[in-house]
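Here are a few friendly notes to read alongside the coordinates.

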Amino acid sequence: MPQCPMHRSISSFILKDCIMAKIGVFICHCGENIGAKVDCTKLAATMGEHPGVAIAVDYKYFCSDPGQESVKRAIRENNLTGVVVAACSPRMHEATFRKACAEAGLNPYMCEIANIREQCSWVHNDPVMATEKAADITRSMVEKVKRNNNLQPIEVPVTRRALVIGGGIAGIQAALDIANAGQEVVLVEREPTLGGHMAQLSETFPTLDCSQCIMTPRMVEAAQHPKIRLLTYAEVVGVDGYIGNFHVKVKMKARYVDTESCTGCGDCITKCPNKKISSEFDCGLGKRPAIYTPFAQSVPNKPIIDKANCTYFKNGKCKVCVKVCQLNSINFEMQDEFIDLEIGAIVVATGFQVQDNSVYGEYGYGKYKDIINGLQFERLASASGPTSGKILRPSDGKEPETIVFIQCAGSRDPSKGVRYCSKICCMYTAKHAMLYAHKVHGGKSNIFYMDIRAAGKGYDEFTRRAIEDDEASYLRGRVSKVWEENGKLMVRGVDTLLGKPVVIAADMVVLATAMVSQPDAKDFAKTIGIGYDEYGFFNEAHLKLRPVESSTAGIFLAGACQSPKDIPDSVAQASASASKILALFSKEKLEREPVVATNNEATCAGCWGCVLACPYNAIDKKDILDRSGKVIKRVASVNPGLCQGCGTCVSFCRSNSLDLAGFTEKQIFAEVMGL
Amino acid sequence: MSEPFEPKIVAFVCTYCTYAGADLAGTSRLKYAPNVRIVRLPCTGRISPMFILKALQKGADGVLVSGCHPGDCHFTHGNYHARRRWTVFRALLEFTGIPLERVKFSWISAAEGGKFADFMNSVTEDIRKLGPFDQYQRLINETEAPATL
């Protein structure tokens, strides 16, 4: 054994890597999941003969309590220097086994997982080939772990302020939950008012309570909460930083009305001469002026000017609102402003949109006025709506005697790009049929459906009530065409249970439109750095076990931005996100994985290739001084707080000075050599 | 008849997209060819051309690199660096006489378990057709031959 101090560094390298390595290999059967395809006993025998492996054993379930205990015991008894667990994906149990190693006195980063379940036993049929592959994967991880280093988690401070993006029911719920626990919240809504889609609804299933009656008090509560800073008509335009330390840029769009001095008296709204603008809140069924609040209970109840439609902005003349405003709150010179926020955690609750029904040319949406979508029907049925809650035809204002509802108008239709079930349409269509029966006595409602999906507390009972008490006639089948004939909308469909085609002469047709992601969801996901699926819904970290976390640490999801959801599910997810954030805020400091780049200043040439490559501006230029304070050279220096550990700089480095802890060059080459 | 040639393929993938896609293929129980061995990296931006050469030197018959789709990188643009590095590296590979068909590049997201399985099958078939990669060993033998100056 070389003892000369001159050789210490070299000898320790050799000792640690190869001679002194005592690796424990633990091969999990995962019940039958791995054991049925991979010969675990044989694998253990093979691995036991591999150089540097002190112990190789197989067991039914290593993640179980006795399994973990046996790993700990093996570490202590054999003085193991590293551990490889050949089992499921590291995304599943890496944390479990690292914790077990730490409890046995081994540095947790001396543990690696060989993925022989998701990437081997589950995907291959041939046991011989699968066993061979499992051996390769395990051997490669043994070679890697021999070169692992003891690492310490990085501690970073936490800014105890949450950002909630979206002021619908999910966003409001999350903001209130966090604020009620005493933490600061910034609630950002891009529309002029809080409320989202829920404020547009008439009555809500399965209890038929009025949506506004339960929604608007929550909006007021959020706006008045001392811990909530409300930013409406504002958009998040940039997110930098990382969990506990996000830097967020918010654009405050110009309202042209000073919300500080405005009292919301509404004089400007009544006097505005330009009153023929289609109301977004009423889904085009009502009108609004150019200076307006979206609806009567808007929060904040201060108007904004619609620049695109304002006569002054178009012609330079008018200014009626300026004349009538006694508080001089109108300011046509107002500009967009940008504010910077320091944020610890983010809830994304940006909601959904309804699909554009014109994708169904055969249904005639847009061609015939009396064909509307579900959300428009909500506005008709709402007491605050354009008809004050009366069900009237948009074309002539008459009560429809016969209505046809078409379910799955967009959902579960791959040809229209929506494979998924929108989840709420069966329920709201049943509700619409009920509301119609209550409001139009003697009215006849027909519902074309594919399946009635009414899973939820009180949901199936609710649809039964629509059928049995309110006499909605359910026809199982699709509609092929809707056309106008003698003032009636002729709906041709099929009743598959009778096996007969049907034609119904209706006065109104309501399409149960699919819920789709916001049109800018994908761009927004890129802005804030989270993942999304093919439909533009945001991805959760794990569909079952981490359904409210995004794949980016510190960013959480709530409501229909993740997938179509009803109100109870949105509220539940919002509260779950809030509790996750409160758990995060309960600590002074956060621990982060120590996967960060390190630089060898002795060899760094200061070419700054890494500075150009780094997506996080985590690399600074550092002066190396001699004793007299003279600059000898400038080198790159990685800020471990900002570094996210992608390793792009490492492969950029011309002098091989940079390396990535946990994925060092040595480790990866060893992994390749082990294969 | 002799047994069909089973190529050995090394894949360098990022942990956020393709590795997760491979896990999804597993949880979906899709079946694919068992010839590919995965090396997990934080990001495709971490991949040095040296890794690819090392794998080929070690005896891999093919190498594949896969990460997040353009624009979807967890680290915002590591995959763009990887793509650019690959375009530059191609010329070098060609120069050294290593057939470009042995190195494959693709984007597979965490949601594309099916695409992952299909890609594994197609790469395995392609490399199988190319046959074993023994050029490198031949090259070593040649260079180790005594100099004849």
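Predicted model: local features only at pLDDT ≥ 70, side-chain atom pairs only at ≥ 80, totals over all residues.

1. You will find C283(A) in the loop between β13 (277-278) and β14 (287-288) of chain A.

2. Please look at N328(A) as well, where phi is positive at about 50° although the residue is not a glycine. N328(A) has 10 C-beta neighbours inside 10 Å and so counts as exposed. The loop between α11 (320-324) and β17 (337-343) of chain A holds this residue.

3. Two cis peptide bonds deserve a glance. One runs from F205(A) to P206(A), with omega near 0°; P206(A) sits in the loop between β8 (203-204) and β9 (209-210) of chain A. Another joins V299(A) to P300(A), again with omega near 0°, and P300(A) belongs to the loop between β15 (291-292) and β16 (304-305) of chain A. As background, most peptide bonds are trans, and most residues other than glycine have a negative phi.

4. Lastly, the helix pair. Helix α6 (residues 127-146) and helix α19 (residues 665-674), both of chain A, pack at about 150° with axes 7 Å apart. That angle makes α6(A) roughly antiparallel to α19(A). Residues making the contact include R139(A) and E143(A) of α6(A), and Q667(A) and M673(A) of α19(A). By class, this contact has 3 nonpolar, 3 polar and 5 charged residues.

Definitions and conventions:
Residues numbered from 1 in each chain as written. Chains lettered and ligands numbered in written order. Axes fitted to C-alpha atoms, helices over the stretch in contact; angles between N-to-C directions. Helix = DSSP H or I, 4+ residues; strand = E, 2+ residues; numbered from the N terminus. Parallel < 35°, antiparallel > 145°, perpendicular 65-115°, else oblique. Contact = placed C-beta atoms within 7 Å. Nonpolar A, V, L, I, M, F, W, Y, C, P; charged D, E, K, R; others polar. Buried ≥ 20, exposed ≤ 12 C-beta atoms within 10 Å, placed from the backbone.
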